[in-house]
Amino acid sequence: VQLQAFGGGSVQPGGYLRLSCTASGDIVSINVMGWYRQTPGKQRELVATITNNGRTNYAESVKDRFTIFRDDGRKTWSLRMNNLKPEDTAVYYCNTDKVLARWGTVFGSWGRGTELTVSS
């Protein structure tokens, strides 16, 4: 199973951006899809997750600004980020907790990360 994230870049404070992640590898279904982020010297932290029945969970710092949504048909999930702040600057990683593929089950997959910089 491979996850590919894209959509990072540089944005001014107050701006918006959308990150997307696509999973590949003869996948049948994906349980929880998520986004995490990491800054230098800090642990990777949860940003948002969405379950296979649409239940979402957000970090307090991004509630009401970020929205996660998924497209199971395309094995893709996205993070819409509004009103971006400098403290949102980080490398963002997409994640799945469990993927059912035609050849087996894979736990804990990560994409390579895409960088977001929020600065004026």
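How many salt bridges does the structure hold? The structure holds seven, counting a side-chain nitrogen of Lys or Arg within 4 Å of a carboxyl oxygen of Asp or Glu. This is a predicted model, so local features need pLDDT of at least 70 and side-chain atom pairs count only at pLDDT 80 or more, while totals for chains, interfaces and linings use all residues. Residues are numbered from 1 along each chain as its sequence is written, and side-chain values use heavy atoms, with hydrogens and water left out.

**Overall fold**

- The protein chain comes to zero helices and twelve strands; helices (H or I, at least four residues) and strands (E, at least two) are DSSP runs, numbered from the N terminus.
- Read along the sequence, that gives the pattern β-β-β-β-β-β-β-β-β-β-β-β.
- For 120 residues, a compact globule would have a radius of gyration near 14 Å, and the chain agrees, with 14 Å. The radius is taken over C-alpha atoms, and the globule rule is 2.2 Å times the number of residues to the power 0.38.
- The C-alpha trace spans about 45 × 25 × 20 Å along its principal axes.
- Of the contacts with a separation of 6 or more, 56% are accounted for by residues 24 or more positions apart; contact here means heavy atoms within 4.5 Å.

**Surface and burial**

- The chain exposes about 6,700 Å², and carbon and sulfur atoms supply 44% of that area. Accessible areas come from the Shrake-Rupley method with a 1.4 Å probe, and for residues only the protein chains shown count as cover.
- Of the 120 residues, 42% count as buried. Buried means under 20% relative accessible area, exposed over 50%, and partly exposed in between (1.4 Å probe, protein chains only).

- Side chains of opposite charge can pair when their charged atoms come close.
- R102 pairs with D26, with the closest N and O atoms 3.1 Å apart. This one ties together distant parts of the chain: R102 is in the loop between β10 (90-101) and β11 (104-110), D26 is in the loop between β3 (17-24) and β4 (27-30), and they are 76 residues apart.
- How open are those two ends? R102 counts as exposed because its relative accessibility is 62%, and D26 counts as partly exposed because it comes in at 44%.
- R37 and D88 form another salt bridge, with their closest N and O atoms 3.0 Å apart. Again distant parts of the chain are linked: R37 belongs to strand β5 (residues 33-38), D88 to the loop between β9 (76-81) and β10, and 51 residues separate them.
- Both partners are tucked away: R37 counts as buried at 7% relative accessibility, and D88 is buried with a relative accessible area of 1%.
- D72 and R70 also pair, with the closest N and O atoms 2.6 Å apart. D72 is partly exposed at 34% relative accessible area, whereas R70 is buried at 16%.
- Salt bridges with shared partners join R37, E45, R65 and D88 into one network.

**The nonpolar core**

- The largest nonpolar core has 29 residues, and W35, W77, L79, M81 and Y92 touch the most other members. Such a core is a set of buried Ala, Val, Leu, Ile, Met, Phe, Trp, Tyr and Cys residues joined through side-chain atoms within 4.5 Å.
- Leaving aside neighbours within four places in sequence, L79 is in contact with L17, R18, L19, W35, V47, A48, F66, T67, I68 and Y92.

**Around L116 and D88**

- L116 sits in strand β12 (residues 114-118) and is buried, with a relative accessible area of 0%.
- Beyond residues up to four places away in sequence, L116 touches G9, V11, L17, M81, L84, D88, T89, A90 and Y92. L116 and T89 are 27 residues apart in sequence, with 5.3 Å between their C-alpha atoms.

**Around P13**

- P13 is in the loop between β2 (9-11) and β3, and counts as partly exposed at 39% relative accessibility.
- Setting aside residues up to four places away in sequence, P13 touches L84, P86, V118, S119 and S120.
- P13 and E87 are 74 residues apart along the chain, and their C-alpha atoms are separated by 9.6 Å.
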